[in-house]
Amino acid sequence: MALSKRELDELKPWVEKTVKRVLGFSEPTVVTAALNCVGKGMDKKKAADHLKPFLDDSTLRFVDKLFEAVEEGRSSRHSKSNSDRNRKRELKVRSTLHPLLL
């Protein structure tokens with residue numbers, strides 16, 4: 001599943017930090033390539049094949065971490081949206097029961 005622009009923007013600082021840790025220096029080309037992989041919805045194998053020229057022996061470890069970060073981001077956004085939805089529902093119920101509760 002491809003990521004939205006907002007999701008990619010949220011993921012970018014993590015990718016920048018991880019690329020710097022893996023390579024030992026900042027490399028915007030690798031950051032862009034990694035974000036393009038997840039942005040286009042590539043699976044792990046395709047992403048690894050695409051990033052191998054940049055990361056060599058660190059590719060599989062990096063791709064695993066990248067996909068974990070994507071899943072964690074989705075999980076946290078999903079639980080946050082459910083929490084927001086529940087909070088709104090609760091406020092709506094309260095307001096219909098007694099307008100002074102708000």
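Biologist: Which backbone nitrogen lies 2.7 Å from a polar atom of the side chain of Glu7?

Modeller: That of Ser4: its backbone nitrogen is 2.7 Å from a polar atom in the Glu7 side chain. The model is predicted, so local features need pLDDT of at least 70 and side-chain atom pairs count only at pLDDT 80 or more, while totals for chains, interfaces and linings use all residues. Residues are numbered from 1 along each chain as its sequence is written, and side-chain values use heavy atoms, with hydrogens and water left out.

Glu7 belongs to helix 1, residues 5–23 (a helix is a DSSP run of H or I, at least four residues). Glu7 counts as buried because its relative accessibility is 16% (buried is under 20%, exposed over 50%, with a 1.4 Å probe and protein chains only).

Further along, helix 3 covers residues 44–55. Ala47, Ala48, Leu51 and Leu55 are the buried residues of helix 3. These four lie on the same side of helix 3 because they cover an arc of only 95° around the axis (taken from the directions from the axis to the C-beta atoms). Lys45, Lys46 and Pro53, on the other side of helix 3, are exposed.

Between its end C-alpha atoms, helix 3 spans only 14 Å, whereas a straight helix of 12 residues would span 16 Å (1.5 Å times one less than the number of residues). After helix 3 comes Asp56, with a positive phi near 50°.

How values were computed. Helices (H or I, at least four residues) and strands (E, at least two) are DSSP runs, numbered from the N terminus. A polar contact is a pair of N or O atoms within 3.5 Å; within protein, one must be able to donate a hydrogen and the other to accept it, and residues adjacent in sequence count only if both atoms are side-chain atoms.
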